[in-house]
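Open the structure in your viewer and keep the selection tool ready.

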Amino acid sequence: LALQLGQAIGYDSAGTVEYVLDADTGAFYFLEVNTRLQVEHGVTEQVTGVDLVEWMVKLARGDQWTLTAPEPRGASIQVRLYAEDPARHFQPSAGVLTEVHFPEGVRVDGWVSTGSDVPPYYDPMLAKLIVTAETREAAVIRLQAALADTRLAGIETNLRYLRAIAASPVFAEGRIVTRSLGEFSWHPRALEVLDGGVQTTVQDWPGRIGHWDVGVPPSGPMDDLHLRLANRLVGNAPGAAALECTVSGPSLRAHADLSVALCGAPMRVSIDGQTLAPEQAFNQRLRLKAGSVLKLGAVPLDGGGARTYLAVEGGLDVPLYLESRSTFTLGQFGGHAGRTLRTGDLLHALPIAAQATDEPASPTPTGSA
């Protein structure tokens, strides 16, 4: 029917005829014609071995050859990586990508690399990942592995959302319908920055050291003991990335249930507007429910230090730069986007097992971490 339609109107280029399929009866109904190259054309190329763009160019310049497409073989699946924030109604995300990594053995149609500046204009698509295998089941497994091995940092993207969809039974079993995404529930293990505080940065231990030969001074936590203690309280490895809050801390909203710990200077602390006494807030594990707001105020004027450390169970998921995750603000690298936190940032936590340690959590900051 698609061929007959194209022949009837004398259409002579790439195009797609779309239908709606009744899964119960097998009946299909005409929907529309797209008289152009589709963004999904890569999956057709993968299963047929045909370069559709090459064919379009040949047709345009009047080349003569037999237009015979081979029978499709195998299964191919494509996902689109977008500079959008699924946790906040897919609002656009712009800025510098501080890390871009795509896996080997996967077709990637894209334009970004580490250091690319994503503007707030035009289409937010960063890349298309396309996997191919002998069967759809094998292609789903390959897609899950490809998404797990893809890294994008610096701005918010839909990468984690795609990982969750690809891992869902509905997708794996091929039961996706038009309402599926509306019913799909996803909450990232992340903290949303409502207020960045005076100077809040991501730091790790021992920090970035040993690079004076290339002009990079040491960077890391000012009070590494309390950073390590906070990590110990939530079961992280001592060097897991955490927040260093200076003088007055941030306000953070939890997008999922999270365990956190505070150590260091006794900033004023409240959860959902309820003020906590220092002995309730510090040197112990705190549970944040999804939607809860943790607010860190100023340190008292009568001493106690200037920096508080906030560790999240699993550790913060930021890329390594020169063997460290610490922020170096003057160099504009490391940490989250190479800078202090701003309103609207989303700080993701690694899976709990990723930074776990067998070392038991201590209820009080006694001894070295």
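How much space lies in the largest cavity? About 250 Å³. A cavity here is a set of points on a 1 Å grid, over the protein atoms alone, where a 1.4 Å probe fits but cannot get out. Grid points are joined across faces, edges and corners, and volume is the space filled by probe spheres set on them. There are two cavities of 30 Å³ or more.

This is a predicted model: local features need pLDDT of at least 70, side-chain atom pairs count only at 80 or more, and totals for chains, interfaces and linings use all residues. Numbering starts from 1 along each chain as its sequence is written, and side-chain values use heavy atoms, without hydrogens or water.

**Stop 1: the lining.** Select Leu152, Ala153, Gly154, Arg160 and Asp317. Of the 23 lining residues (an atom within 4 Å of a point), these are the closest to the centre of the largest cavity. Now colour β11 (151-153), α5 (159-166) and β22 (346-348): each gives two or more residues to this lining. Helices (H or I, at least four residues) and strands (E, at least two) are DSSP runs, numbered from the N terminus.

**Stop 2: the sheet.** Select the five strands in the order β13-β14-β21-β16-β19. They form an open sheet with antiparallel pairing (at least two DSSP bridges per pair). β13 (199-203) and β19 (285-288) stand at the edges with a single partner each, so one side of each has no neighbour in the sheet.

**Stop 3: one pair.** Zoom in on β14 (242-246) and β21 (307-312), joined by four bridges. Glutamate 244 stands opposite tyrosine 309 in β21.

How values were computed
1 Å grid on protein atoms, 1.4 Å probe; cavity = no way out; pocket = protein on both sides within 12 Å on 5 of 7 lines; lining within 4 Å.
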